[in-house]
Amino acid sequence: MFRFIVRRLLLLIPTLFGLSILLFIWLHRLPGGPETAILGERGTPEMRAQIRRNLGLDEPLLIQYGRFMKRLLQFDLGTSISTKREVTTEFLQRFPGTVELTITAMVIAIGIGIPLGYLAARRNGSILDYASVGGSLLGTCIPIFFLAYVLKAIFAESLGWFPAIGRQDSSINATHPTNFFVLDGLMTREWDAAADAIWHLILPGLALASIPLAIIVRITRASVLEVLGEDFVRTAEAKGLTERVVRRRHVLRNAMLPVATSIGLLTGLLLSGAVLTETVFGFSGIGLFLYEAISNRDYPVLQGFILLIAVIFTLVNLAVDVSYSLIDPRVRVR
Amino acid sequence: MTLASGQKKEKLDRLGELAAVRDDEQGVSLWRDAFRRLRRNPAAIVGAIILALFVLVAIVGPFLVPYDPAAPIGVQDGVVRSGQGIIPGPSSDHWLGYDHQGRDEFSRLIAGSRQTLIVGVVSTLIGLTVGVLLGGLSGAAAGLGGRWGRWVDNILMRIVDMLLSVPGLLLAVSFAAILGPSPITVMIAVGAVSVPIFARLLRGSMIAQSNRDYVLAATSLGVRRWKIAISHVIPNSLAPVIVQATLTLATAIIEVAALSFLGLGTQVLGQPEWGLMLAEAQQYLGIRPALAIYPAVAIIITAFGFTLLGEAMREALDPKLRK
């Protein structure tokens, strides 16, 4: 197990190295550099050249890359061109927002998806079964930003049940030691701040949850159906075990394996979805910032954020693989 | 090489092929069997009907529209002033009303089906082609290529892993940004997202096939390895890739809409396209939300058709799900 984890972590190095080269080439081929974003269309050629020189963009690409790598080894990702703050600071400030949003979406997706998928499988062929399968197929077909707008229009703008924008009401002057707004509220005992942060999470969380929810329902249903047909379930029932025990120890435990894998694979999907959801709800997370960084040609931010996202994505998948062997002793990772 | 040994090799190649083919011809072939099951699945039929309608509209629709989908007739007639928040809704002349530029919404919706179909199909084909090339090379190298092959496989898979380690939409945004606004950009960007998925899928399926007996038989008959890979292993490994391609058609249409929403979509050849229509309508949600709902419903129904058919195909082709 230990060797497996170490090997996977070591594999991360060449992957990141290759990714950083690709990113570097990509960024410097983007039409219109940061000078256009800063100056607009008005700047004179001299002003443009001056800005490029100040940012070190006039040097050969190889030297720029070397400088980037040298800083990277000291865990320094440079400074954002648009906000003039360190990329790592920006990331640490915004990443918690995306994490909170992702967790909310996952809680909604898992909390509804697993019971619904399980029930659909138990009542195979019933109306509930058809409705949940049909609904989940339809769920993957709704463009997430459209769903976000619909939710915002109905529940925030028309009914006014939820806030339409942001992470927390600006009238609440909360302290943010960790930037996880909900956690901050709980830690500092500012209950109203925590509640308000949760309130802001619900609509974007629902929009972001739609696709994972659909996928989890379907995988849970298929997996439970498969396990229900296994011999050991019949044996357990024949032994006279109560239905509750069979359900919990035999069916659910075995059926959860594919669900656990899919949850890991959904992280990438969630991060993609976060860009769209955060944009609609003006929710200050990494997705919104990345989106702005693309239009601002903020090279250091794009480079740093995408590398960090790749690291996190890989670590989550590693954690999923490890948890796999914890759920199922038959799967021994090597 | 003497003539005799050349002929012998050729004969052996034929034998190897026959050995592998006969397996399929006895009894019912995988595809015929799958098709039979597909026909009995109501979900597949609903999906197929939706798609048939969609393709029909995409082919003939643009010729039958009541108005030119690009002509700002509402503005010319002075009925549409979107700057002042006046965009008239449905009437007997304009079934779905006007859009924000005074164009006939119904005509745009019908005509838009063609661009949507083209963008979806082309981007999926781009992803499929590159993915199958990468995955096929990698799978052949891993399954049949020996030590050198494992090297090739390793390098290719690291590249694929790299693509997979960036969330799909970011990858598409990257490609869209680097290629600049052009009609083909969106298709390449959306296609790029599915490349690693197709590659991984085909490779895995090919490695599983490489351990099958018919490969061993062909190898022992002396069939050349590249020939085994191309004429035996790849055709037998394509089923999951084809299923995935059907499902990708659905996601491609949705992703095109997402790119348009982020301002990275481009109007393809000046024609209306549902994703772009939906993205543009977001600005007029306060005035006329229906402008967003029409293209959104069209996208959802079409994507639903592809998803239904894809899932039904997966069920039909998966031996584990046979009753």
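A residue counts as buried here when its relative accessible area is under 20%. The legends below use that cut-off where burial comes up, and the model they describe is a predicted one.

**View 1**
Let's start with chain B on its own: 13 helices and zero strands. Walk along the sequence and the pattern reads α-α-α-α-α-α-α-α-α-α-α-α-α. Of the 323 residues in chain B, 50% fall in the buried class.

**View 1. Where chain B meets chain A.**
Chain B brings 32 residues to this contact and chain A brings 36. Putting the two chains together buries about 3,100 Å², and carbon and sulfur atoms account for 81% of that area. Look for B:Met162, B:Ile178 and B:Phe261: this trio supplies 19% of the area chain B buries against chain A, more than any other three residues.

**View 2. The salt bridge between the chains.**
Zoom in on B:Glu311 and A:Arg218, which pair up in a salt bridge with their closest N and O atoms 3.1 Å apart. The salt-bridge count between chain B and chain A is one. Polar contacts between the two chains also come to one residue pair, counting pairs with both residues at pLDDT 80 or more.

**View 3. The helices on chain B's side of the contact.**
Which elements of chain B give two or more residues to the side that touches chain A? They are α6 (146–164), α7 (168–179), α11 (239–261) and α13 (290–317). The largest share, ten residues, belongs to α13(B). Sort the residues on this side of chain B by type and you get 24 nonpolar, five polar and three charged.

Is A:Gln303 buried or exposed? Its relative accessible area is 3%, so A:Gln303 is buried, as the cut-off for that class is under 20%. Leaving aside residues up to four places away in sequence, A:Gln303 touches A:Ser20, A:Leu23, A:Phe24, A:Leu27 and A:Phe68.

Definitions and conventions: Residues are numbered from 1 along each chain as its sequence is written. Chains are lettered from A and ligands numbered from 1 in the order in which they are written. This is a predicted model: local features need pLDDT of at least 70, side-chain atom pairs count only at pLDDT 80 or more; totals for chains, interfaces and linings use all residues. Side-chain values use heavy atoms; hydrogens and water are left out. Contact means heavy atoms within 4.5 Å. Buried area is the accessible area (1.4 Å probe) that two parts lose on being put together, summed over both. A salt bridge is a side-chain nitrogen of Lys or Arg within 4 Å of a carboxyl oxygen of Asp or Glu. A polar contact is a pair of N or O atoms within 3.5 Å; within protein, one must be able to donate a hydrogen and the other to accept it, and residues adjacent in sequence count only if both atoms are side-chain atoms. Helices (H or I, at least four residues) and strands (E, at least two) are DSSP runs, numbered from the N terminus. Ala, Val, Leu, Ile, Met, Phe, Trp, Tyr, Cys and Pro count as nonpolar, Asp, Glu, Lys and Arg as charged, and the others, Gly among them, as polar. Buried means under 20% relative accessible area, exposed over 50%, partly exposed in between (1.4 Å probe, protein chains only).
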